[in-house]
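Here is a short tour of a ligand site and the iron atom within it. Start with the sequence and the model, then read on.

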Amino acid sequence: MMRIFLLLLAFSIFNLCSAQNLGALLFSGNCITCHHPTKTISAPSAAEVKKRYKEAFEDKEEFVSYMATWVKKPTPEGSLMHDAIKKYGVMPELGFDEETLRVISKYIYENDFTKHETGY
Ligand code: HEC
């Protein structure tokens, strides 16, 4: 009985950690090539994108759902960064499903890019 309990405990802790790390992993694998944590190279930095979205949406759920929806299908009309579009062109569509993009958007909301660059 105890052993099963410990096993379940270990499993839940593992799940908690991996949910957070999954966002970091997905961001590092798919977004960081264009969005450096703090430097603007070929696209606005992750810190800059986050700042703009936070200015527009104080609420975490609104931030996450707007970002996930926009990244799923980037359009100039829905953009919060028209200046960036002028400079770099509209971001390409990457083909992720909305659930994955919500995980990434949550990570962007939670992670302080100015402190630890990739969240690890
Ligand atoms: C091939 C390069 C590239 C990749 C890869 C990329 N982006 Fe972008 N992204 C851009 C560029 C360029 C802009 C600025 C122009 C714009 O806003 O459309 C941008 C803008 C954005 C914006 C601001 C949108 C707005 O205009 O309001 C968000 C949010 C964003 N990216 C999220 C992501 C996420 C999340 C990923 C990874 C899943 C990602 N991007 C991957 C190039 C990229």
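A polar contact is a pair of N or O atoms within 3.5 Å. Keep that cut-off in mind for the table below. The model is predicted.

The shell counts 27 residues, and C31, C34, H35, S79 and M91 come nearest to the ligand. By class, 21 are nonpolar and 6 are polar. Charged residues are absent from the shell.

| Residue | Atom of the residue | Distance to a ligand oxygen atom |
|---|---|---|
| Y53 | polar side-chain atom | 2.8 Å |
| S79 | polar side-chain atom | 2.6 Å |
| M91 | backbone N or O atom | 2.9 Å |

**The iron atom**

Which protein atoms are donors of the iron atom of the ligand? They are NE2 of H35 and SD of M91, lying 2.0 to 2.1 Å from the iron atom. H35 is in the loop between helix 1 (2-30) and helix 2. M91 is in the loop between helix 4 and helix 5. The pair links distant parts of the chain, 56 residues apart.

The iron site has 6 donor atoms and is octahedral, with angles of 88 to 180 degrees among them. Ideal angles for six octahedral donors are 90 or 180 degrees.

Conventions. Residues numbered from 1 in each chain as written. Predicted model: local features only at pLDDT ≥ 70, side-chain atom pairs only at ≥ 80, totals over all residues. Heavy atoms only, no water. Near = heavy atom within 4 Å. Polar contact = N/O pair within 3.5 Å; in protein donor to acceptor, adjacent residues only side chain to side chain. Nonpolar A, V, L, I, M, F, W, Y, C, P; charged D, E, K, R; others polar. Donors = N, O, S within 2.8 Å, 3.2 Å for Na, K, Ca; no water. Tetrahedral: all angles 85-135°; square planar, octahedral: opposite > 155°, others 65-115°. Helix = DSSP H or I, 4+ residues; strand = E, 2+ residues; numbered from the N terminus.
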